Amino acid sequence: MKLISLFFTALLTENIVLTKFLGLCPLMGNSKKEENAYKMGLLVVITTVLSSIITYIFYFQILVPTNTTHLRTLVFIFTIASIVGILEILIKKYLPHVYRSMGLYIPLITTNCAVLGVSILTIDNAFSFLETVVYSLGSSMGFLLVIYVFSTLRMKLEKAPILEGFKGIPIAFITLGIIALLFTRYGL
């Protein structure tokens, strides 16, 4: 029961995008079309879960025993970059249509602070291995949910009568801010 609660907390009430504002760059960059948003969300889910598992193992099997936990961020970034590199090669070879549609955005997952943030949060919250897997899955699915829903809103905003100075990114940030208010403790 605790794992189910952890999953839904990570997915909704502590959504990494809406409550911690992590992952805003890929959210803004890849949310203009539903299909690209969905693909980016799936790639983030895969990357986040894999990197959380590997960084957890590295942290507790190598960094803690050797008293080198101060290298955590460096090791985590290297791990994420390696996973993204492998995913990019696999996608390019086996899913060329996905590779063509995502283009430059695949390597940019490496710099997605949401992926790194989840790995760090699992360590800082002293999650067990199973809790790490559940939390990383819930958090990344929360990212997928937000980027997909946000992409549908952005498509509608493109057709809405909006003042010229607010079109595009400005209205997108305003909309995201309103959505984020709904997820805060002190929101609407």
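This is a short chat about a few residues in a predicted model.

Reader: What should I know about the model before we start?
Author: The model is predicted, so local features need pLDDT of at least 70 and side-chain atom pairs count only at pLDDT 80 or more, while totals for chains, interfaces and linings use all residues. Residues are numbered from 1 along each chain as its sequence is written, and side-chain values use heavy atoms, with hydrogens and water left out.

Reader: OK, K39. Buried or exposed?
Author: K39 counts as buried because its relative accessibility is 13%; buried means under 20% relative accessible area, exposed over 50%, and partly exposed in between, using a 1.4 Å probe and protein chains only.

Reader: Which helix is K39 in?
Author: Helix α3, residues 34-63. Helices here are DSSP runs of H or I with at least four residues, numbered from the N terminus.

Reader: And which residues does K39 touch?
Author: H97, V98, S101 and M102, leaving aside residues up to four places away in sequence. Contact means heavy atoms within 4.5 Å.

Reader: Switching to V149, where does that one sit?
Author: V149 is in helix α7, which spans residues 129-159. With 38% relative accessibility, V149 counts as partly exposed.

Notes
Helices (H or I, at least four residues) and strands (E, at least two) are DSSP runs, numbered from the N terminus.
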